[in-house]
Amino acid sequence: MNDVLPSEIATWQFLEGTVRELVTSYGFQEMRVPIVEETRLFKRAIGELTDVVSKEMYSFEMGDEKLTLRPEATAGIARALISNGMLRGARHKLWCIGPMFRHEKPQKGRYRQFHQLDVEAVGFPGPDIDAEIIAMTARLWRLLGITRVKLQLNSLGTPEARRSYRELLVAYFRSHEARLDADSKRRLEGNPLRILDSKNPDMREIIDNAPVLTEHLDAESREHFDALCAALTGIGIEYHVNPRLVRGLDYYTRTVFEWTTDALGAQDAVCAGGRYDGLIAHLGGASTPAIGFAMGIERVVELLVQAQKTPPPRPPDVFIVVNGRRASAEALKIAERLRNELPHRRFEMNLGGGKIGAQFGRADKSGAALALVLGDDEIARGVAGVKPLRQEAGQSECPIPDLAARIEAAIQH
Ligand code: HAM
């Protein structure tokens with residue numbers, strides 16, 4: 001679980017600001033859901049046999065309640081739509097951003113508290129919305145200046161098609177059981193599709209020869225997927241169909257996608273999601289099709305840092321040097337008045353006293369364009385010293401009532 005330090009925050013804010021504007025421009029509305037939900041919500045939505053639910057959840061009991069820190073946002077949003085009576089044929093384009101918790105083994109790009117931008121479009125059968133939200137993610141990379149990402153796409157079909165494919169797959173892996181690693185043997189019973197996701201190189205060959213889901217899709221899912229591929233080609237988005245892309249959460253149906261990068265090592269997924277047409281009904285709501293994705297904020301921040309796309313921190317415009325007891329009380333008033341007059345400017349005042357030389361040192365280090373000098377002598381004469389800090393220029397004086405205009409002129413100079 002990481003601290004985000006002030007030196008890192010400009011990148012986070014740049015990313016969050018860009019995301020907020022982008023999703024709003026596509027008609028998505030922000031929604032905020034609790035960090036704590038009932039454990040059984042995640043068990044039901046994500047699936048008991050998934051890694052997330054079986055190994056990674058921060059769960060605890062309070063009185064007779066079994067609670068969990070959310071490992072992802074989709075289940076909570078689906079729960080919120082049901083419990084707030086927001087379904088009944090309605091359509092929603094929603095997004096949220098915030099911390100998620102998974103007790104995974106930490107490594108670069110994989111943390112126990114991490115942040116996701118989560119986007120959900122509920123009530124849309126697609127495939128037009130599938131194409132639109134993928135186009136939105138592609139636009140985000142362009143806006144951020146991130147180039148080292150690739151789109152992988154697959155269709156998981158309907159639950160029925162997946163069930164018959166699953167039988168095929170189990171039969172295939174059973175016939176090679178001796179060559180399966182321990183993890184895959186464990187998955188064979190509960191979640192055989194996840195074997196396809198194995199990172200073990202010894203499993204490569206046996207996985208490569210396994211039956212492929214895309215060849216066993218039902219007709220409607222096939223049509224849906226072909227239309228999505230055609231739409232993406234039509235808007236010029238490159239994609240790679242990866243029949244092994246199965247995702248780690250059980251609620252997906254039909255479209256699944258993942259943006260991966262070669263810049264982050266093993267943790268290569270930066271944004272991933274898909275369609276979950278059965279989830280809301282499975283949780284007790286009216287049957288409603290939906291699709292969404294989540295983006296790992298830490299991973300995208302790291303891509304921005306690597307690509308040197310981090311915005312420089314914005315320094316104060318004016319640093320106020322204060323010299324003397326009377327000046328100290330007056331400087332506070334003058335600074336507050338200037339903040340009223342120039343609300344777009346940033347003022348930082350020397351607090352806690354100190355020698356003039358040390359104060360000028362702080363002024364210089366702050367990055368401010370200008371120093372104002374308010375000493376007992378200046379106050380007595382109704383003026384302030386004005387000293388540009390980023391160019392060769394001497395200190396001049398300005399009547400205190402004219403300071404706002406003088407600051408503007410000096411900064412724009
Ligand atoms: P997910 O694939 O589990 O999907 O996570 C989405 C993204 O969150 C990942 O691609 C990765 O960037 C980031 N992420 C996941 N775990 C960690 C971690 N331990 N540390 C850092 N980043 C991480 C979901 O969560 C789905 N709810 C997405 C979705 C929304 N599907 C439909 N709607």
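In this predicted model, the centres of domain 1 and domain 2, taken over C-alpha atoms, are separated by 49 Å. The domain assignment of the protein chain gives residues 6-157 together with 217-306 to domain 1, and residues 318-408 to domain 2.

An open sheet is formed by eight strands, which follow the order 1-5-6-11-10-9-7-8 with mixed pairing. Strand 1 (29-30) and strand 8 (240-241) stand at its edges, and because each has a single partner strand, one side of each is left without a neighbour in the sheet. Strands of a sheet pair through backbone hydrogen bonds, either parallel or antiparallel. For strand 9 (residues 253-261) and strand 10 (residues 269-275) the sense is antiparallel, and their pairing extends over six bridges; within strand 10, Gly 274 is the bridge partner of Val 256.

| Helix | Strands touched | Angle |
|---|---|---|
| Helix 4 (residues 74-83) | strand 5 (92-101), strand 6 (113-122) | about 45 degrees with strand 6 |
| Helix 9 (residues 219-234) | strand 7 (149-155), strand 8, strand 9, strand 10 | about 155 degrees with strand 7 |

Ala 45 belongs to helix 2 (residues 39-46). Its relative accessibility is 3%, and Ala 45 therefore counts as buried, the cut-off for that class being under 20%. When residues up to four places away in sequence are not counted, Ala 45 touches Ala 75, Tyr 251, Leu 279 and Leu 283. Ala 45 and Ala 230, which are 185 residues apart in sequence, are 31 Å apart in space, C-alpha to C-alpha.

One of the contacts of Ala 45, Tyr 251, also belongs to an aromatic cluster, in which ring pairs link Tyr 251, Tyr 252 and Tyr 276. The structure holds five aromatic pairs.

Is Ile 400 buried or exposed? Ile 400 counts as buried, because its relative accessibility is 13%, although the residue is found in a loop, between strand 16 (396-399) and helix 15 (403-412). With residues up to four places away in sequence left out, Ile 400 touches Ile 334, Arg 337, Ile 379, Gly 382, Val 383 and Ala 384. Between the C-alpha atoms of Ile 400 and Leu 303, residues that lie 97 places apart along the chain, the separation is 47 Å.

Terms used
Residues numbered from 1 in each chain as written. Predicted model: local features only at pLDDT ≥ 70, side-chain atom pairs only at ≥ 80, totals over all residues. Heavy atoms only, no water. Domains from an automatic or database assignment. Helix = DSSP H or I, 4+ residues; strand = E, 2+ residues; numbered from the N terminus. Buried < 20%, exposed > 50% of the residue type's maximum accessible area, 1.4 Å probe, protein only. Contact = heavy atoms within 4.5 Å. Phe/Tyr/Trp six-rings, centres within 6.5 Å; stacked < 30°, edge-to-face > 60°. Pairing = 2+ DSSP bridges. Axes fitted to C-alpha atoms, helices over the stretch in contact; angles between N-to-C directions.
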